[in-house]
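Here is my note on the model, as numbered points. Please read it with the structure open beside it.

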Amino acid sequence: LDKMNGNKNGFDKELTITLKCFFGFEETLKEELVEYGYKEVEILNRAVQIKGKWKDVYFLNLHSRCSIAILVEITSFRIKSENDLFNRASKIKWSEYFDVKKTFAVKGAIYSDLFTNTHYPYLLVKDAIVDHFRDLTGDRPDIEIKRPQVLIDLYISNTEVTISVNTSGNPLFQRGYRNASGEAPINEVVAASLIRMSGWDRKTTLLDPFCGSGTLLIEGALLASGIPSNIERQHYAFKNFKNFDQKLWDEIYDNATRIVRELPCRFIGSDISDEMVLKSRRNLREFSFGRFIEISGKPFNEVEKTDEPLFIISNPPYGQRLELDEELYSEIGTWLKHEIKEGTACIISSSEEGFKSIGLKHSKKVKVYNGNLDCSFRSYELFEGKRRDTIS
């Protein structure tokens with residue numbers, strides 16, 4: 001139980017680190033970690049797992065673009081009853097992890113027939129934590145559900161229990177750079193994951209003809225420039241742990257790229273809504289590369305024509321909050337067929353009818369989620385002079 005020990009030796013101990021992601025992006029997250037130099041990455045359900053140390057936890061909270069949260073395992077064990085969970089949680093020396101003055105919450109996922117009420121396991125662990133502090137100090141930490149300073153993660157699968165600390169706190173898609181958004185914005189982690197999944201080479205011109213508040217363009221520019229997606233984020237839960245090493249964190253943060261004087265390729269965005277164009281430009285002001293990204297208030301089929309290869313990645317209107325326009329999707333297909341001479345188009349949508357209206361045969365199709373929406377992410381290879389009008 002001394003994995004989080006506050007002494008210097010605690011930072012040399014091997015940790016089990018779990019990085020949570022959205023459904024369908026497990027392989028994408030693994031690819032990201034391999035690129036960062038992590039060789040042994042185990043794929044789980046909506047997560048991947050590695051072995052590492054606290055410097056890796058700090059580094060990945062800053063640098064991982066495709067993670068929702070980063071957990072460090074405290075302990076794992078088997079149970080036969082509800083009492084087993086409380087008894088094992090009571091043996092953890094919680095005061096070695098955080099101070100009684102910190103607020104906390106217990107969240108996670110429960111898949112077990114041992115509990116008729118899936119909220120009850122969280123209450124058991126919460127009571128174990130409160131009892132520990134009350135017995136030790138005579139005081140108890142406050143519970144804060146919405147924005148706790150310390151977040152405990154409880155995962156139960158049948159009789160297997162894993163208790164971890166969530167070192168991120170608020171989800172990592174809360175980057176800190178988006179000051180303005182549209183009616184149905186794409187999640188930042190989803191955007192970063194789609195860009196990596198798309199196979200974009202980070203050299204070909206990136207075009208988003210439905211750019212909205214600019215999330216896909218921003219995440220693409222962050223990736224191409226090497227600036228961490230979370231560079232503007234200020235809060236991480238690990239800063240509230242007793243073992244927080246300010247010097248180590250400062251070294252990792254100071255070594256990160258923050259300013260670039262150029263980008264490796266063109267970034268072009270357009271949106272028919274003047275309001276969205278203004279919001280996109282407002283968000284881009286947060287970055288040194290913002291002035292290099294070209295944003296115009298035009299419909300997609302009036303984007304300036306070019307003979308250069310294009311990599312199009314976009315999130316056109318669809319779903320529960322934006323009414324699907326099948327005619328719009330048909331026009332997208334016509335535009336791709338006749339106006340884009342060479343390149344790749346990657347589109348995320350929740351509408352099968354919309355994809356049919358595009359009228360192109362996809363080269364890749366992946367099931368993903370954008371928020372609660374069940375979506376498909378499809379790629380189309382575009383070459384002038386070749387027949388491309390097969391229905392997707």
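1. The largest pocket has a volume of about 1,000 Å³. A pocket here is an open set of points on a 1 Å grid over the protein atoms alone, with protein on both sides within 12 Å along at least five of seven lines; a cavity is a set where a 1.4 Å probe fits but cannot get out, and lining residues have an atom within 4 Å of a point. Grid points are joined across faces, edges and corners, and the volume is the space filled by probe spheres set on the points.

2. This is a predicted model, in which local features need pLDDT of at least 70 and side-chain atom pairs count only at pLDDT 80 or more, while totals for chains, interfaces and linings use all residues. Residues are numbered from 1 along each chain as its sequence is written, and side-chain values use heavy atoms, with hydrogens and water left out.

3. Of the 41 residues that line the largest pocket, Lys20, Arg46, Leu71, Ala109 and Asp153 lie nearest its centre. Two or more lining residues come from each of the strands E1 (15–20), E3 (47–52), E4 (69–78), E5 (104–111), E6 (150–157) and E7 (160–166). Strands (E, at least two residues) and helices (H or I, at least four) are DSSP runs, numbered from the N terminus. The lining divides into 21 nonpolar, 13 polar and 7 charged residues. Ala, Val, Leu, Ile, Met, Phe, Trp, Tyr, Cys and Pro count as nonpolar, Asp, Glu, Lys and Arg as charged, and the others, Gly among them, as polar.

4. Two strands pair if DSSP finds at least two bridges between them. E2 and E3 are antiparallel and share 3 bridges; isoleucine 43 stands opposite valine 48 in E3. Angles run from 0 to 180 degrees between N-to-C directions, with axes fitted as lines to C-alpha atoms, for helices over the stretch in contact. Contact means heavy atoms within 4.5 Å.

5. How far apart are the axes of helix H3 (residues 82–90) and helix H4 (residues 120–137)? They are 8 Å apart, and the helices pack at an angle of about 30°. Among the residues that meet are Leu85 and Phe86 in H3, and Leu124 and Val125 in H4. This contact involves 8 nonpolar, 1 polar and 3 charged residues.

6. A second open sheet of 7 strands has the order E10-E9-E8-E11-E12-E14-E13, again with mixed pairing. Its edge strands are E10 (293–296) and E13 (364–370), each pairing on one side only. Strand E8 (residues 205–208) runs parallel to strand E11 (residues 310–314), joined by 3 bridges.

7. The count comes to 2 cavities of 30 Å³ or more. The largest has a volume of about 100 Å³, and its lining includes Leu207, Ile268 and Trp335.
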